[in-house]
Amino acid sequence: MKTRRTHLDKLNTLLFGKDLRITEGEQYTEEREFDYTSYLPVEKYISPQEIPTEKAFFITDFGAVANDTGIDNAPAINACINACAENGGGFAVVSGGNYTAKTVELKSGVTLFVESESSIIAHESGEGFSAKALIYAKGCENIGITGGGTINGNGHLFGRKPLLDKNITEPDEVIDVIKMRRDNRAQLRFAHPAKYGRLAEMVGCKNIHINNIIFKDSAHWTCRLTRCENVKIENFIINNNRHVANTDGIDLMQTSNVEIRRCFLSCADDGIVLKNAIWEGCNGAMENVHVSDCEVISCTNAFKIGTETTYAIKNVLVENCKFYMTDLYPGTVSGISLESADGAEVADVTVRNIEMERCTCPIFIRLNNRNRAAVVDSYSASSIEFGVKSKSRGVDKKLFDMKGEMHDIKIENITAKDIEIPVIIAGFKQRGKTKRVKNVELKNIDLTYRNATEIVDRRLFIPEYAKVYPECWRFRNLPAYAIWARHAENVRIENFKCTPAPSAWRKERIFEDVI
């Protein structure tokens, strides 16, 4: 069992540390053991729901045919939705089986009601989806999705074969962050150009209610809300293939006044994530987001602010949640990840009463200056996620350069078991200027390391990583096991406990340039 890096290991780390990404090969459609979580508490979140009897329009009355994967039922479903909207709104009812479709478009005043044991399923061709989504709404008001049934994105059909032949379920004997990161990516199905897009997308909509519904097997970001207001998501399940790359759970983009409660999410990428970037169609601040009583299984970050962040994100409360990994290795990258990478102000964030298990890094707070808006636009930013390439560029590089701020963050009452790296709080130093994370309070924190040997990874210095994608794993095995902080101001710690790994060779706390 090797616990120290050789000179060759160190050279490989420096010269050949690029991200693994499979870019060749045909579509890989096999479903592997443990692609989906073995723990799926459907009864806890989803309840039987009677079909509406008033203002109800049935898709079968408009020609929809169940249980035939060769049919595109989108025209029939959309005709039903249009008729419902034209008659004052109500319910477009999906019942009696599984209906294959391409893009279904919601209209103002309409709730899509998918009966329990019924579903809308993405067409396997991946062709003909408008707006890169199975369910889409733009500029609508008073819309919803409910019924107790399933929206199925068939996401496992649109990736390439992973590097590894089977999923990893047992942890390594040694805690080695570099190997952890490589193992994570070696299990991913990176995009084939056939990938059609997201499971659900809503743009510029108001008064949205997603309740008592299952979203399954997305091909990309599962539930994306851009420039929306007054959103309520509750009694909601996302059950994705945990190895389809870029399958975030809930993505909020410049979406304010949001309540997310009693949700169960299992996905390959970030569970609940707040973003606000110009290349994603955002143009102003977002605020007032409340997340509570949720369970999140994520292969990356359970709750995250960032990475796409050019405009402000403020007034966020996350409470009474469980973040964990069930049956895969590596575990969740970060339980709580708060980032400003591209010029945004992230402020007034409170996270409290959280239980974590097998979250590699329990808390990651990161301010850096990737400034991605200068190098991408709305097409090139996501092109690689759909298996294609683009070199189109973004806005004037000075527009968001060095503008990022992170301040007034309170994290309290956190219990985390089987962690593998410390709490990280990091600002950055670039071009002779220091930008600090400010006013951070950590209170009542109880952390316990995984019972494993740690690799000895002593380095003369820790790079700033100011221009690159922010991720806790990038910092590797740090020289502190409880807290590592750099370029921060006014960090307050109260009742903080960390039980280290049995072979801990590191200091408990290291603070560099913290004032």
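**Entry 1: around β13**

I began at Y136, which stands opposite E201 in β13. The model is predicted, so I kept its rules in mind: local features need pLDDT of at least 70, side-chain atom pairs count only at pLDDT 80 or more, and totals for chains, interfaces and linings use all residues. Residues are numbered from 1 along each chain as its sequence is written, and side-chain values use heavy atoms, with hydrogens and water left out.

The strands here are DSSP runs of E with at least two residues, while helices are runs of H or I with at least four residues; both are numbered from the N terminus. Two strands pair if DSSP finds at least two bridges between them. By that rule, β8 (residues 133–138) pairs with β13 in the parallel sense, over five bridges.

Next I looked for a further partner of β13. Strand β15 (residues 223–226) runs parallel to β13, with four bridges joining them. E201 turns up again here, opposite R224 in β15.

How many of the residues of β13 are buried? For strand β13, residues 198–203, I noted six of six. Buried means under 20% relative accessible area, exposed over 50%, and partly exposed in between, with a 1.4 Å probe and protein chains only.

**Entry 2: β18 and its partners**

I moved on to β18 (residues 256–267) and found nine bridges to β16 (residues 229–239), the two strands running parallel. Within this pairing I wrote down N239, whose bridge partner in β18 is S266.

Strand β20 (residues 286–292) also runs parallel to β18, joined by four bridges. I260 stands opposite V291 in β20. I then checked β21 (residues 295–298), which pairs with β18 in the parallel sense over four bridges. There, L265 stands opposite V296.

**Entry 3: E234**

E234 sits in strand β16. Buried or exposed? E234 counts as buried, at 8% relative accessibility.

I was pleased to find a polar contact of 2.8 Å between the side chains of E234 and H209. The term covers a pair of N or O atoms within 3.5 Å; within protein, one must be able to donate a hydrogen and the other to accept it, and residues adjacent in sequence count only if both atoms are side-chain atoms. Leaving out residues up to four places away in sequence, E234 touches H209, I210, N211, N212, R261, R262 and C263. Contact here means heavy atoms within 4.5 Å.

**Entry 4: aromatic pairs**

I then turned to the rings, and the structure holds twelve aromatic pairs. Rings of Phe, Tyr and Trp (its six-membered ring) pair if their centres lie within 6.5 Å; planes under 30 degrees apart count as stacked, over 60 as edge-to-face and the rest as tilted.

Why is the pair of Y39 and Y324 tilted? The planes of these two rings are at 50 degrees, with the centres 6.4 Å apart, so the pair is tilted. Y39 lies in the loop between β1 (27–28) and α2 (42–45) and Y324 in strand β23 (residues 313–324), so the pair ties together parts 285 residues apart in sequence. Y39 is partly exposed at 34% relative accessible area, and Y324 is buried at 14% relative accessibility.

My other pick was F91 with F113, an edge-to-face pair at 6.4 Å centre to centre and 85 degrees between the planes. This pair links distant parts of the chain, with F91 in strand β3 (residues 90–94) and F113 in strand β6 (residues 110–114), 22 residues apart. F91 is partly exposed at 26% relative accessible area, whereas F113 is buried at 1%.

Last, I noted a cluster in which ring pairs link Y39, Y45, F264 and Y324.
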